[in-house]
Amino acid sequence: MELKTDGFDYWAISFTDNEIANPNQQTLKIRRAVFLYLMIEAALQNGIITEPNDFKNGIDYTTKIVKANDQKDDPNYYMTRGFINIVNRNFKSREKVPSSISEYTNPSWEKEAYPYRDFLSYVRAAMFYTKTEFQEKYSPTTYPLINQRYEIVINHIQNNYGIDLEGIAKGPQK
């Protein structure tokens, strides 16, 4: 059954009997992330959740970024500048390397997340990867700005709204 994300109580009809009886951990992780992410996104759009004031400190949204692996030493390499791969809203598709800075600033792309696309990309990453997994992808030594921004997001959501993004990534503990 395809994941249903519209209408009333969509979460209740998004699982088949077989999926409940024989849970697949990756499928459950994706559905958990989608359900909770959509709530966070809606709360942000409605002003219930806010973007942290210091999240964009030191981030340049105007200078062109470079993204090729052979350009990692360039000061405009996207990860050096604090940008992460874009985790899709459905959590199923492969992560996307941003093609340009406009992926964070253009209101016609991913309209649901504009103007919080950069922040929500971090929220999605924090909901899907544990801190250890995140740091394996984005070494704190190599990409300190990314890890600083990750901590800002994790702490802001936990301290102000009581939502444990890493707990969502870890899932239920037996």
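Helix axes are lines fitted to C-alpha atoms, over the stretch in contact, and the angles between N-to-C directions run from 0 to 180 degrees. With that convention, helix H4 (residues 117–128) and helix H6 (residues 144–161) pack at an angle of about 80°, and their axes are 10 Å apart. This is a predicted model, in which local features need pLDDT of at least 70 and side-chain atom pairs count only at pLDDT 80 or more, while totals for chains, interfaces and linings use all residues. Residues are numbered from 1 along each chain as its sequence is written, and side-chain values use heavy atoms, with hydrogens and water left out.

**Overall make-up**
- The chain has seven helices and zero strands, where helices (H or I, at least four residues) and strands (E, at least two) are DSSP runs numbered from the N terminus.
- Among contacts in the chain with a separation of 6 or more, 59% come from residues 24 or more positions apart, a contact being heavy atoms within 4.5 Å.

**Helices H4 and H6**
- H4 and H6 are therefore roughly perpendicular to each other, a label for angles of 65 to 115 degrees, with those under 35 roughly parallel, those over 145 roughly antiparallel and the rest oblique.
- On the H4 side the contact is made by Asp118, Phe119, Tyr122, Val123 and Ala126, and on the H6 side by Ile146, Arg149, Tyr150, Val153, Ile154 and Ile157.
- Gln158 also lies in helix H6, and at 34% relative accessibility Gln158 counts as partly exposed.
- Leaving aside neighbours within four places in sequence, Gln158 is in contact with Ile163 and Asp164.

**Aromatic rings**
- Rings of Phe, Tyr and Trp (its six-membered ring) pair if their centres lie within 6.5 Å, and planes under 30 degrees apart count as stacked, over 60 as edge-to-face and the rest as tilted; by this rule there are nine aromatic pairs.
- One of them joins Tyr37 and Phe91 edge-to-face, at 6.0 Å centre to centre with 75° between the planes.
- Tyr37 lies in helix H2 (residues 25–45) and Phe91 in the loop between H2 and helix H3 (102–105), so this pair ties together parts that are 54 residues apart in sequence.
- Both Tyr37 and Phe91 are buried, and together with Phe128 and Tyr129 they form one aromatic cluster.

How values were computed:
Buried means under 20% relative accessible area, exposed over 50%, partly exposed in between (1.4 Å probe, protein chains only).
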